[in-house]
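This briefing concerns a ligand site and several backbone features. Please view the sequence and the structure together before reading on.

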Amino acid sequence: MKKLDDIVSLCKRRGFIFQGSDIYGGMAGTWDFGPLGTTLKKNITDAWWKFFVEDRDDMYGIDAAIIMNPRTWEASGHTATFADPLVECKECKSRFRADKIADGINESVTTEEFLATHTKCPVCGKENWGPIRKFNMMFTTHVGAVLPDDDAESAKNNIAYLRPETAQGIFTNYKNVVDAFYPDLPFGLAQQGKAFRNEISPRDFILRDRECSQMEIEYFIRPDNWEQEFEKMRALSHEFLERVIGLDPAQIHELEVPAADRAHYSKRTIDFMFDYPNGEEELMGLAYRTDFDLNNIARESGKSMEYRDKVTNETFVPHVIEPSIGVERLILAVLASAYTEDEIDGNKRIVLKLPETLAPYRFCVSPLLKNKPELVSKAKEVYQSLKTKYGNVTWDDSGNIGKRYRKQDEIGTPKCIVIDFDTLEDNTVTIRDRDTAKQIRVDIAKL
Ligand code: GAP
């Protein structure tokens, strides 16, 4: 049974992921990626970008600002509705997201409905609750020279928000892209970047964060064929998660989100749930956002969001299909899938069976003995040539060879190459496979 604690511990020990601001006692809901985590994250985001953007003719990239004009969030509905049901225990003053501590209720739960569940406080065990209050999850900040003693009105006039989804940076650039490129419909705008949510209860390592990264596409379509486009994006999403990222299809479950639970902008949503170590949770969402966002922007900005069909000259506001995935949730799914404890030659080991394309290092090169200059110099030669060819190659001459294998297993390096005395004679090296621990001899020229 894979435990989340074991994954958290490996991530810290081996330099994948650390608690944000660890040195000052941490900052809840924030995480810092160490050297190996940064590479893993980049391999995953690059794989997404290649699959959804580079390999297609109908996708365009966007990299929009995080701080946007606050009218964005008025128009999108986030100022009014991007809120979670907050409930406070009157005994111990702990605050919770009501729908996360009681069964059978959703985000729109009322105080009466919540009280009827007779939920006990997860901290003190009492049942003495205050009313449900709506808590807007957008982080606020002030833009420009605002001082703490400025009057409330002028401070309010300078309020801005850290974006809670990357999507609005795409929608607000739809017109710019159409004016600059006039792409054929359907076309998509893709963006990767940070999103911020003041989650009431960040939890489960990197699953629910206050600062996270999203990869989102707004795919602009003709309104009349949204169902076919939705199905295409649904199939593509499975292909990405399963073939490109290598997740086990048996661990991915589709959840048709009922109307009452859907985001305010969606006419249909399928959540792709994943079997995480602590249970099934949302990994990504696929939503049919209709023309909700473009119409809101047209109303708020007074600018037309209509698209002119290149053949018929007909004008209409495109509809949108949106696949949206959290990078941290995908990383956790990848780590949880890869984390394995097994036994090799009677010795217990931890091994991260990452797909070769995602592993931080593809090869580790070592001299059998660190104190034999002829082995070290030959090993350096092999290391340099592989590094030039593949880039993500590491060097390790620490400890003994067994310890090096253990370390490389834990960080998921698929192949370890060892230069020994035979190498000096016949130009062959040992390649050890991470998953089977089997070793073969290969000619250096064939690496
Ligand atoms: N633009 C649509 C949107 O933002 P969402 O369902 O709120 O929809 C999309 O978020 C994805 O972003 C989720 O499926 C999840 O992977 C990720 N996500 C959302 N909130 C998150 C959080 N607090 N921490 C980590 N990932 C989160």
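Which element gives the most to the shell around the ligand? Strand β14 does, with 5 residues; helices (H or I, at least four residues) and strands (E, at least two) are DSSP runs, numbered from the N terminus. This is a predicted model, in which local features need pLDDT of at least 70 and side-chain atom pairs count only at pLDDT 80 or more, while totals for chains, interfaces and linings use all residues. Residues are numbered from 1 along each chain as its sequence is written, and side-chain values use heavy atoms, with hydrogens and water left out.

**Ligand shell**

- The ligand has 21 residues around it, of which Glu165, Arg197, Asp209, Glu216 and Glu282 come nearest; a residue is near a molecule if one of its heavy atoms lies within 4 Å of it.
- The shell comprises 10 charged, 7 nonpolar and 4 polar residues, where Ala, Val, Leu, Ile, Met, Phe, Trp, Tyr, Cys and Pro count as nonpolar, Asp, Glu, Lys and Arg as charged, and the others, Gly among them, as polar.

**Ligand contacts and cover**

- A polar side-chain atom of Gln214 lies 3.1 Å from a ligand oxygen atom.
- Of the 560 Å² of accessible area that the ligand has on its own, the protein covers 91% (Shrake-Rupley method, 1.4 Å probe).
- Two or more residues of the shell come from each of β11 (211–221), β14 (279–290) and β17 (319–326).

**Helix α12**

- Leu335 belongs to helix α12, which spans residues 327–338.
- Leu335 counts as buried because its relative accessibility is 2%; buried means under 20% relative accessible area, exposed over 50%, and partly exposed in between (1.4 Å probe, protein chains only).
- Leu335 and Leu40 are separated by 295 residues in sequence, yet their C-alpha atoms are 9.7 Å apart in space.

**Loop backbone**

- The Leu185 to Pro186 peptide bond is cis, with omega near 0 degrees, and Pro186 lies in the loop between α9 (174–181) and β10 (187–196).
- Ser21, although not a glycine, has a positive phi of about 55 degrees; Ser21 is placed in the loop between β1 (17–19) and β2 (31–33) and counts as partly exposed at 33% relative accessibility.
- His118, also not a glycine, has a positive phi of about 50 degrees; His118 is found in the loop between α6 (111–116) and β7 (133–136) and counts as exposed at 52% relative accessibility.

Methods. A polar contact is a pair of N or O atoms within 3.5 Å; within protein, one must be able to donate a hydrogen and the other to accept it, and residues adjacent in sequence count only if both atoms are side-chain atoms.
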